Amino acid sequence: MLDYFAKEFPESESFSIISKTWQENQLLNDEPVLISDTVSCLKDLMTLDSLKGNYAFIDLWATWCIPCREEFTYNSELYKLLESYANLTLLYVSIDKNEKAWFNTIHQNLPGLHLRATKKLTEDIKDKIYANGRLSVPRYVLLDPEGNVVNSNMSRPSQIDNLKKELDEVLMH
């Protein structure tokens, strides 16, 4: 039904409601939720229904990145920490070019919101987070509800105590 409404009535209120309900149910079921919207910049991310009005904790990663996969072993601690902030949403953004590898990886054991970066989004990330330098992952970024970069180099989940301090500084005022 979701695909039908997305194709036939993408701007309708009904599609918005069905999409949001579907995404919430997927998150409750610990299944990956794929964001199919075309996102060309970080500010656009914050207009998505699943992120609107919240801060976004972004995990930039790739399937070929061994340190990224190592950080996933700390996800239970990360999820527990992030649940303590009512206005924060986790978003995995993959810079993978290989869609099949990305899709297979997230369906193995990576619940949550997922987006595979477009070329335009990757360029915006390079500009806003890496100052047009070399793109390296893993990288953890905090965006405010308007899509502004609050912290472009957060601590890793393996450094959970430092990450908590960084999040508290921004979100617990």
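**Close-up 1. Trp-61, Phe-72 and Tyr-92 come together as one aromatic cluster.** This is a predicted model, in which local features need pLDDT of at least 70 and side-chain atom pairs count only at pLDDT 80 or more, while totals for chains, interfaces and linings use all residues. Residues are numbered from 1 along each chain as its sequence is written, and side-chain values use heavy atoms, with hydrogens and water left out. Rings of Phe, Tyr and Trp (its six-membered ring) pair up if their centres lie within 6.5 Å; planes under 30 degrees apart are called stacked, over 60 edge-to-face, and the rest tilted. That rule gives 3 aromatic pairs. Take Trp-61 and Phe-72: their ring centres are 5.2 Å apart and their planes sit at 75°, so this pair is edge-to-face. Trp-61 belongs to strand S2 (residues 55-61) and Phe-72 to helix H4 (residues 66-72), 11 residues apart. Helices (H or I, at least four residues) and strands (E, at least two) are DSSP runs, numbered from the N terminus.

**Close-up 2. Phe-72 also pairs with Tyr-92.** Here the centres are 5.9 Å apart and the planes at 80°, so we have an edge-to-face pair. Phe-72 is in helix H4 and Tyr-92 in strand S3 (residues 88-94), so the pair ties together parts 20 residues apart in sequence.

**Close-up 3. The largest nonpolar core has 47 residues.** Such a core is a set of buried Ala, Val, Leu, Ile, Met, Phe, Trp, Tyr and Cys residues joined through side-chain atoms within 4.5 Å. Among the residues with the most contacts inside it are Phe-57, Ile-58 and Leu-60. Strand S2 gives the most to this core, with 6 residues. Leaving aside neighbours within four places in sequence, Ile-58 is in contact (heavy atoms within 4.5 Å) with residues including Leu-45, Leu-91, Arg-139 and Val-141.

**Close-up 4. Arg-139 lies over the face of Tyr-130.** The distance to the ring centre is 4.5 Å. A charge sits over a ring if NZ of Lys or CZ of Arg is within 6 Å of the ring centre and within 35 degrees of the ring normal.

**Close-up 5. A disulfide joins Cys-65 to Cys-68.** The sulfurs are 2.4 Å apart; a disulfide is a pair of cysteine sulfur atoms within 2.5 Å. The torsion about this S-S bond is about 85°, so the disulfide is right-handed. Cys-65 is buried at 3% relative accessibility, and Cys-68 is buried with a relative accessible area of 1%.

Technical notes: Buried means under 20% relative accessible area, exposed over 50%, partly exposed in between (1.4 Å probe, protein chains only).
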